Amino acid sequence: MGKVVLKLGDDISTDIIYPGRFMATVLPTETPQYTFADLPEFNARLKAGEFPPGSVIVAGDNFGCGSSREQAASGLKGPDLVIVARHFARIFLQNAINLGLQVVICPEIEANEEDELEIHADRVVNLTREESFAVVPLPAARQAILVAGGLVAYTRQRLLDERK
Amino acid sequence: MGMTMVEKILARASGQAAVRAGEVVEPGVDLAMSHENAALVINQFHEIYQGTGLEAQVWDPSKIAIIFDHRVPAESAKTATNQKKVREFVAAQGIARFHDIRGDEGGICHQILPENGYVRPGMVVVGTDSHTTSHGALGAFAFGVGATEMASIWTLGRALNIEVPGTVKVIVEGVFPEYVLPKDLILALIGQLTAEGANFKVIEFHGAAIRSMPTSGRLTICNMAVEAGATSGIVVPDDETRHYLREVAGVAEAVPLLAPDLDAPYERTIAIDAGALVPQIACPHTVDNVKPVTAVAGTPVQQIVIGSCTNGRLDDIAVAAGILAGKQVARGVRMLVFPASGRIFQEAMKAGYLTTLMEAGAVVANSGCGPCLGVHQGALGDGEVALSTTNRNFKGRMGNPNSEVYLCSPAVAAASAVAGVITDPRKGG
Ligand code: SF4
């Protein structure tokens with residue numbers, strides 16, 4: 001169960017999630033401090049540790065459009081946020097899966113800040129509104145990476161298999 | 001049933017006779033490009049090897065290209081240190097296609113790859129940059145990936161678990177009117193498709209207006225295919241492709257072409273008449289917020305940018321110089337010009353374009369991404385408006401969330417520089 005800590009609209013670009021001027025910071029351990037830096041109030045609460053792991057960001061269509069910068073995904077993965085969006089942009093979705101950031105494609109999602117959500121494999125239940133919304137499975141092509149817990153672990157295994 | 005361009009390329013690259021949209025493949029990669037974010041790729045690459053007991057060695061150093069462009073020369077100690085770390089890695093791994101900060105062979109990655117003949121028709125090209133879609137201009141399947149994905153490719157030489165994308169066919173017939181440029185075509189298309197209209201798809205360009213378009217214009221339209229969400233844009237390679245590779249990129253060997261089958265399956269076909277296009281502009285804060293320039297003509301601007309991987313090429317600079325010749329950049333407007341590569345900078349200098357632009361009051365800066373991504377030069381002040389030939393106008397893109405960016409062609413940018421307000425080049429130019 002997670003509380004919605006931020007509600008966003010459509011076409012949230014990686015420039016908003018992780019502004020370009022912080023791109024010299026690359027390490028996943030350091031990127032979360034700049035997540036949503038241009039939403040200063042949210043950024044301040046994030047840095048203050050106000051959001052427990054599993055807290056949810058709800059967004060509309062095309063979340064993560066724009067740049068391929070992986071900091072956008074690693075900066076959300078650090079504090080273990082969950083992103084529930086109507087739809088994701090391709091590169092962001094791949095980056096999220098590769099890094100083990102929990103992303104949920106939920107085309108009909110309706111939720112406001114403070115709502116409590118329960119996330120299941122096939123649906124998101126909004127406990128506050130007492131409504132349930134179907135989940136679209138993540139791309140089948142990426143299942144093996146999801147199961148491995150991310151692309152680093154998956155590639156490492158493939159490498160070892162090949163060198164045997 | 002036949003195959004689209006991307007299906008043919010992915011079939012070849014994954015060693016199969018045929019593949020269809022929706023199938024999952026693991027294509028071998030012909031070219032893997034990174035820029036400064038190679039620093040993060042290197043980090044993830046070492047993570048992969050962690051605990052394996054194996055020596056971390058890239059699969060094929062001759063297929064990796066690394067170009068410094070995003071923050072050149074370094075704007076901070078942190079960037080400089082990242083760049084240093086990448087140089088050390090490049091030397092240790094024997095990566096020859098490395099373009100450092102230089103006036104002869106440096107520049108923006110999406111210009112360096114084509115002008116050096118690194119990209120050929122039929123290749124699978126990946127880059128840790130979303131505008132890697134540009135290289136479809138030469139008939140390659142070229143797409144952006146994240147840093148961890150690139151580290152995986154450096155390790156195995158293949159892109160893992162790739163779903164073959166479906167294809168949208170765009171047929172552009174007719175002849176472009178004066179002062180209507182490839183940028184206007186792609187902006188109009190993005191406006192029609194919306195920012196996610198081609199998500200997970202490839203846009204394949206056809207038609208007489210594409211066949212008569214130089215490679216520079218094809219790079220512009222494929223570059224911005226990603227702004228409609230596309231995995232890539234691709235142009236069917238032809239005599240122009242051969243001409244470009246031979247004459248501009250200095251490729252001596254034969255260049256085999258490839259074409260989609262006549263009965264290839266397309267998810268959707270869009271027809272556009274280039275002759276009916278008018279100058280377009282993408283208004284703040286999304287690239288698909290596209291209008292005819294006339295709709296916002298008269299809006300005051302404080303900064304004009306000509307450059308980037310979209311419109312920083314020689315013909316773009318020539319268009320701007322043509323419009324600004326003998327005129328002045330309006331007082332209160334800063335006009336910044338960033339040639340896309342050192343080579344283009346030199347060519348523009350020799351042709352006299354840079355002198356013309358500087359005499360008009362423009363500032364010509366070194367090749368690189370410049371203000372395009374808001375980390376280096378040319379940040380905007382609160383409440384300021386920029387008109388730019390770059391490819392993104394998201395909130396904060398040019399370094400300040402309290403500013404606005406409009407996107408347009410070099411003709412619109414140059415005409416507006418003279419007027420100080422957004423101007424249709426067909427009149428004010
Ligand atoms: S010019 Fe802009 S869009 Fe092109 S690679 Fe550089 S930052 Fe990216």
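**Entry 1: the domain interface**

I started with the buried area, the accessible area (1.4 Å probe) that two parts lose on being put together, summed over both. Domain 1 of chain B and domain 2 of chain B bury about 3,100 Å² between them. Carbon and sulfur atoms carry 59% of that area. In domain 1 of chain B, the residues that lose the most area to domain 2 of chain B are I108(B), Y179(B) and K183(B). Together they make up 20% of what that side buries.

I noted the conventions here. This is a predicted model, in which local features need pLDDT of at least 70 and side-chain atom pairs count only at pLDDT 80 or more, while totals for chains, interfaces and linings use all residues. Residues are numbered from 1 along each chain as its sequence is written, chains are lettered from A and ligands numbered from 1 in the order in which they are written, and side-chain values use heavy atoms, with hydrogens and water left out.

**Entry 2: bounds and contacts**

I looked up the bounds, which come from an automatic or database domain assignment. For chain B it gives domain 1 as 5–272 and domain 2 as 280–427. Their centres, taken over C-alpha atoms, are 25 Å apart. Domain 1 of chain B puts 38 residues into the contact and domain 2 of chain B puts in 40. Contact means heavy atoms within 4.5 Å.

**Entry 3: polar links across the interface**

I counted polar contacts next (pairs of N or O atoms within 3.5 Å; within protein, one must be able to donate a hydrogen and the other to accept it, and residues adjacent in sequence count only if both atoms are side-chain atoms). The rule finds 24 residue pairs across the interface of domain 1 of chain B and domain 2 of chain B, both residues at pLDDT 80 or more.

I then asked which helices supply at least two residues of the domain 1 side. They are α4 (109–115), α6 (182–193) and α8 (215–223) of chain B. Helices here are DSSP runs (H or I, at least four residues), as are strands (E, at least two), numbered from the N terminus. α6(B) gives the most to that side, with six residues.

How many salt bridges are counted between the two domains of chain B? There is one. The term means a side-chain nitrogen of Lys or Arg within 4 Å of a carboxyl oxygen of Asp or Glu.

**Entry 4: salt bridges elsewhere**

The structure holds 29 salt bridges over all chains. I picked out several.

R392(B) and E227(B) pair at 3.0 Å, N to O.

R45(A) and E50(A) pair at 2.8 Å, N to O. R45(A) is partly exposed at 31% relative accessibility, and E50(A) is partly exposed at 45%. I used these classes: buried is under 20% relative accessible area, exposed over 50%, partly exposed in between (1.4 Å probe, protein chains only).

D261(B) and K8(B) pair at 3.0 Å, N to O. D261(B) lies in the loop between α9 (239–248) and β11 (268–273) of chain B and K8(B) in helix α1 (residues 5–13) of chain B, so the pair ties together parts 253 residues apart in sequence.

E384(B) and R334(B) have their closest N and O atoms 2.8 Å apart. E384(B) sits in the loop between β16 (363–364) and β17 (385–388) of chain B, and R334(B) in strand β15 (residues 334–338) of chain B, 50 residues away. Is E384(B) buried or exposed? E384(B) counts as buried, at 18%. R334(B) is partly exposed at 31%.
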